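Visitor: I would like to learn how to read the features of a model such as this one, step by step. Could we look at it together?

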Amino acid sequence: MKFHWLMGMMGLMSLQPARAQQAASKDQQAVQQTITHLFDALSDRDSTSLKNSCTTDIIFYEYGETWPLDKLILMAITKNTASDFKRVNTLVFLDTYIHNDIAWTTYNNTAEIFQNGKSITINWLETVILVKQENDWKAKLLHSTRVNRK
């Protein structure tokens, strides 16, 4: 009996395509585009565009801390004064779900950051919860976990 149950479960799991390889629907692409715009704003050190991608009460869970939007702007934009700064983000979306006016997406984020003559690469696994406001998706909560990839 256990063997048949196990074989049945394995059969069901084999019917599930790899999530990262599924084509995103138009609505899922809109959610993902909001995240892309958010990181483009960070790369461009553009606090106005960053605010446009987020709700006014967004919370970032970064490095074991809870940051409001103002703290992220302070840490990533205001204090970031290197004249040679460049940040290139690569986002690989793993899952994107939509239920009415709420969406959540999980992705791998790799940032190549160049500043002060140095280059570093940082990897995160992140999940964002978004809400639809006046037909636009806005990030409401971003949880980030730094990961080491070899």
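Visitor: Does K140 count as buried, partly exposed or exposed, and which value of relative accessibility puts K140 there?

Guide: Bear in mind throughout that this is a predicted model. The general idea is that a residue is called buried under 20% relative accessible area and exposed over 50%, with partly exposed in between. In this structure K140 has a relative accessibility of 30%, and therefore counts as partly exposed.

Visitor: Which side chain does K140 meet in a salt bridge?

Guide: A salt bridge is called when a side-chain nitrogen of Lys or Arg lies within 4 Å of a carboxyl oxygen of Asp or Glu. Here the partner of K140 is D57, with an N to O distance of 2.6 Å. This pair links distant parts of the chain, since D57 belongs to strand β1 and K140 to strand β6 (residues 136-147), 83 residues apart. D57 is itself partly exposed, because its relative accessible area is 42%.

Visitor: How many salt bridges does the rule give in total?

Guide: The count comes to two. Besides the pair already described, the side chains of E65 and K71 meet in a salt bridge at 3.6 Å, N to O. E65 counts as partly exposed because its relative accessibility is 37%, and K71 is partly exposed as well, with a relative accessible area of 29%.

Visitor: Which residues make the nonpolar surface patch?

Guide: The patch, of about 340 Å², is made by Y97, I102, W104 and I129. Patch members need over 30% relative accessible area and no salt bridge. Y97 is partly exposed, with a relative accessible area of 35%, and its place is in strand β3 (residues 86-99).

Visitor: How many helices and strands does the protein have, and what pattern does it follow along the sequence?

Guide: The protein has four helices and six strands, and the pattern read along the sequence is α-α-α-β-β-α-β-β-β-β. Of its 150 residues, 33% are buried. The protein exposes about 9900 Å², of which carbon and sulfur atoms supply 53%. Among contacts between residues at least 6 apart in sequence, 52% join residues at least 24 apart.

How values were computed:
Residues are numbered from 1 along each chain as its sequence is written. This is a predicted model: local features need pLDDT of at least 70, side-chain atom pairs count only at pLDDT 80 or more; totals for chains, interfaces and linings use all residues. Side-chain values use heavy atoms; hydrogens and water are left out. Patches are made of residues with over 30% relative accessible area and no salt bridge: like charges are joined within 9 Å, nonpolar side chains (Val, Leu, Ile, Met, Phe, Trp, Tyr) within 5 Å. Accessible areas come from the Shrake-Rupley method with a 1.4 Å probe; for residues, only the protein chains shown count as cover. Helices (H or I, at least four residues) and strands (E, at least two) are DSSP runs, numbered from the N terminus. Buried means under 20% relative accessible area, exposed over 50%, partly exposed in between (1.4 Å probe, protein chains only). Contact means heavy atoms within 4.5 Å.
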